[in-house]
Amino acid sequence: MDKTSLGNIYLAADSGGSKTVFLLVDEKGTVLTEVKTEGMGAVRAGVLPIRDIIKTAKEKIDIFGKPKAIFLSLGGPNTKEVYDELSTAWENIPVEVEREACGNSILRAAKYLGCSSFVMCGTGSTAVGFKNNKKVFAGGWGPTYGDGGSGGGIGSEALKKFLRHLDGFDDIGELSQIFSDVTDGLDIEKFEDRMEAKQRALDISRRELAALAPQIYLLALKGNKCAKELYANAAQEIALMADAVCDNDKKSAVLICGGFFKNKPEFVSQCVKEFSQKNAATLIYNEFFSPIAAATISVLVNNTDADEKVIRKIINGGTV
């Protein structure tokens with residue numbers, strides 16, 4: 001590979017609780033390589049093997065040469081930890097790590113879709129926008145007190161339903177099969193086995209719970225009552241967050257984005273319907289746009305003369 005023919009290259013990344021996506025791009029926003037690793041967003045420093053995660057990515061990225069600058073959007077408060085490890089891995093290269101929940105990178109991109117507010121839902125959820133000309137926030141409280149309208153939230157609520165199902169409180173039908181490992185080989189009527197099931201449930205990580213969202217969605221499409229209720233509640237939460245960060249004005253628009261919406265057209269329609277009952281503004285979903293696109297725009301806008309054509313190309317998945 002002739003690295004000199006690539007010109008200046010830049011590294012954009014988006015990292016949350018489930019995964020990290022690294023994109024190495026040229027000045028025109030053309031993707032040279034994509035690398036996916038474990039997520040680096042954590043509730044505090046020292047929880048995840050950040051150095052090893054970055055090392056794994058670097059080995060694949062450096063094949064193309066050194067990036068001129070790095071921008072990472074992080075879905076966790078451990079920004080200093082991630083910044084330090086990126087700066088160590090790529091010495092003497094400008095590094096910027098931004099909290100995804102502050103909204104700057106997504107709002108910068110959202111304006112090209114006619115939106116001044118957004119709701120982002122992945123493993124967790126958050127919303128940022130402008131109401132009465134003031135920047136406002138909603139959601140983003142994390143797994144213990146938040147995660148409404150997100151993969152982590154859906155997975156957690158489904159697990160609660162399953163545990164209630166074991167006690168005979170709720171009939172959840174086929175949804176119980178998703179958590180079959182919790183009771184595999186156990187007699188739930190025995191105290192010791194019940195405590196083992198409890199420990200297994202507690203050992204399911206937020207990332208693993210979020211990964212259950214697509215399975216629960218398919219069950220909802222098949223008519224499973226519990227799964228349908230979970231997604232209906234998620235749509236209501238998303239509508240509430242959107243309403244909280246947007247003026248009640250038909251000229252306004254809110255962007256919904258994040259992996260939680262991927263390949264879920266019926267759910268997107270449900271969110272739009274819920275929001276329309278609360279606010280005159282428009283809820284917009286662009287299937288090509290994602291937080292990594294916003295990070296890519298940020299690294300180029302901050303370090304190059306990227307024009308509107310380049311930005312729109314990135315927003316629209318590579319097409320102008």
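**Entry 1: the end of α13.** I began with the residue just after α13, Gly317, which takes a positive phi of about 70°. The model I am reading is predicted, and I keep that in mind for every value noted here. Going back into the helix itself, residues 308–315, I found Val310, Ile311, Lys313, Ile314 and Ile315 buried. I then looked up what these buried residues of α13 pack against, and the partners are α3 (104–110) and α12 (291–303).

Entry 2: Having noted a glycine, I turned to other residue types, since most residues other than glycine have a negative phi.

**Entry 3: the nonpolar cores.** Which residues of the largest nonpolar core touch the most other members? Among its 45 residues, they are Ile216, Ile238 and Phe267. I went through the elements that each supply at least two residues of this core, and they are β6 (117–121), β8 (134–139), α5 (151–166), α7 (191–203), α9 (213–221), α10, β9 and α11 (265–276). The element that gives the most to this core is α10, with ten residues. I then listed the contacts of Ile216, leaving aside residues up to four places away in sequence, and found Ile154, Gly155, Ala158, Leu175, Ile178, Ala227, Leu230 and Tyr231. Apart from this core lies another, of 31 residues, including Leu107, Ala109, Ile292 and Ile311. Ile311 was already in my notes as one of the buried residues of α13.

**Entry 4: the cysteines.** How many disulfides does the structure hold? I found zero, and I wanted to see the distances behind that count. The sulfur of Cys121 has its closest cysteine sulfur in Cys271, and because the two are 7.4 Å from each other they are too far for a bond. For Cys226 the closest cysteine sulfur is again in Cys271, but at 18 Å, which is likewise too far for a bond. Both of these cysteines count as buried, Cys121 at 0% relative accessibility and Cys226 with a relative accessible area of 5%.

**Entry 5: Ser252.** I looked up this serine in the loop between α10 (225–244) and β9 (253–257). Is Ser252 buried or exposed? At 14% relative accessibility, Ser252 counts as buried. Setting aside residues up to four places away in sequence, I recorded its contacts as Cys246, Asp247, Ala281 and Thr282.

**Entry 6: the second largest pocket.** I noted a volume of about 310 Å³ for this pocket. Its lining is made of 15 residues, and those that lie nearest its centre are Leu163, Ala197, Lys198, Ala201 and Leu202. Both α5 and α7 supply at least two residues of the lining, and the largest share, six residues, comes from α7. Sorting the lining by class, I wrote down ten nonpolar, one polar and four charged residues.

Key:
Residues are numbered from 1 along each chain as its sequence is written. This is a predicted model: local features need pLDDT of at least 70, side-chain atom pairs count only at pLDDT 80 or more; totals for chains, interfaces and linings use all residues. Side-chain values use heavy atoms; hydrogens and water are left out. A disulfide is a pair of cysteine sulfur atoms within 2.5 Å. Buried means under 20% relative accessible area, exposed over 50%, partly exposed in between (1.4 Å probe, protein chains only). Helices (H or I, at least four residues) and strands (E, at least two) are DSSP runs, numbered from the N terminus. Contact means heavy atoms within 4.5 Å. A nonpolar core is a set of buried Ala, Val, Leu, Ile, Met, Phe, Trp, Tyr and Cys residues joined through side-chain atoms within 4.5 Å. On a 1 Å grid over the protein atoms alone, a cavity is a set of points where a 1.4 Å probe fits but cannot get out, and a pocket is an open set with protein on both sides within 12 Å along at least five of seven lines; lining residues have an atom within 4 Å of a point. Grid points are joined across faces, edges and corners, and a volume is the space filled by probe spheres set on the points. Ala, Val, Leu, Ile, Met, Phe, Trp, Tyr, Cys and Pro count as nonpolar, Asp, Glu, Lys and Arg as charged, and the others, Gly among them, as polar.
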